[in-house]
Amino acid sequence: MIRIIVAGFKGRMGSTATKMVLAHENFELVGVLDPYAKEKNINELAEYSEQNVPVFKTKEALVNEIEAAVWIDFTIPDVAYKNTRFALEHKIAPVVGTTGFSEEQVLDLQKCAKEQKVGGLIAPNFAVGAVLMMQFAKKAVEYFPDVEIIELHHDNKLDAPSGTAIKTAEMLAEVRKSKKQGNPEEKETLPGARGANYDGMRIHSVRLPGLIAHQQVQFGSIGEGLTIRHDSYDRSSFMTGVALGCQKVVDLEELIYGLEHLL
Ligand SMILES: NC(=O)c1ccc[n+]([C@@H]2O[C@H](COP(=O)([O-])OP(=O)(O)OC[C@H]3O[C@@H](n4cnc5c(N)ncnc54)[C@H](O)[C@@H]3O)[C@@H](O)[C@H]2O)c1
């Protein structure tokens, strides 16, 4: 059994991950963390009334009392870096879905994991279909260098653009020659109209109630267009990837960025 803690367990993703861990035959949920939780045990909540798992408000209290092999993190961009470093320093392998990491932070955490000889995974998107969408887009950009990324999320999301959009742009930039798109003379009459600029590619962030997580990578060429789109209709779409990550990280001694490296 892999002993797992879930940080951010009261959130939308954290609660979905908590249920996945409880239902998985190879996982044992040994503690949960959320500074805003009022409960001392998850059994105080009707949905977990049959489960006996302690709730912690601080990560320090958690590691004082609990031994775990894996730290699932679905918290907020401001704390995820500190949480991930803390987990590595305490020899707990992080499986992180929280987005908003800078490139420097990912590199720093990878260095820390190597020093600690602990495995880990940061995945901006745990949905298998989203990983395929990024890989197909990377293939298409070899032939269609004019591309715009449109990511669409629910209106409670804190960071923009999404981690998936940034990861996609990074993957496309690995094979696409740097190029500024659109008319060289173009002017924005409303600032932001052309979206964010990543190496000449434009990224547009849509935020609307009712959405979960969606992304469209749209290519244009002479007389033709190609659109590659992925939709997460439900947060359960991310759980196959999270479960896979939890099973793999315990055998690693490095921190991996992107689920595609584990598929
Ligand atoms: N990688 C993926 O596949 C994927 C998919 C969807 C969402 N996300 C990301 O997951 C993150 C969480 O999204 P959400 O919709 O569940 O957000 P949410 O706001 O519903 O939940 C965040 C939770 O984190 C808790 N929290 C805040 N500070 C904390 C701390 N110091 N320690 C522990 N918990 C803390 C909050 O109390 C809250 O319960 C976001 O960054 C989002 O972009 C990733």
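Glu254 lies in the loop that joins helix H7 (239–249) to strand E12 (255–257); helices (H or I, at least four residues) and strands (E, at least two) are DSSP runs, numbered from the N terminus. The structure is a predicted model, in which local features need pLDDT of at least 70 and side-chain atom pairs count only at pLDDT 80 or more, while totals for chains, interfaces and linings use all residues. Residues are numbered from 1 along each chain as its sequence is written.

Glu254 counts as partly exposed because it has 14 C-beta neighbours inside 10 Å; with C-beta atoms placed from the backbone, 20 or more others within 10 Å make a residue buried, 12 or fewer exposed, and values in between partly exposed. Apart from neighbours within four places in sequence, Glu254 contacts Gln110, Ala113, Lys114 and Gly119 (contact: C-beta atoms, placed from the backbone, within 7 Å). From Val32, Glu254 is separated by 222 residues in sequence and by 24 Å in space, C-alpha to C-alpha.

The protein chain comprises seven helices and 12 strands. Of its 263 residues, 38% count as buried. Among contacts in the protein chain with a separation of 6 or more, 68% are between residues 24 or more positions apart. Along the principal axes, the C-alpha atoms of the protein chain fill a box of roughly 60 × 40 × 30 Å.

Around the ligand there are 27 residues, of which Gly8, Gly11, Met13, Gly97 and Phe126 come nearest (near: C-beta atom, placed from the backbone, within 6 Å of the molecule). Helix H1 (12–23) and helix H3 (77–89) each supply at least two residues of this shell, and H1 gives the most, with three.

Note on methods
Two residues are in contact if their C-beta atoms, placed from the backbone, lie within 7 Å.
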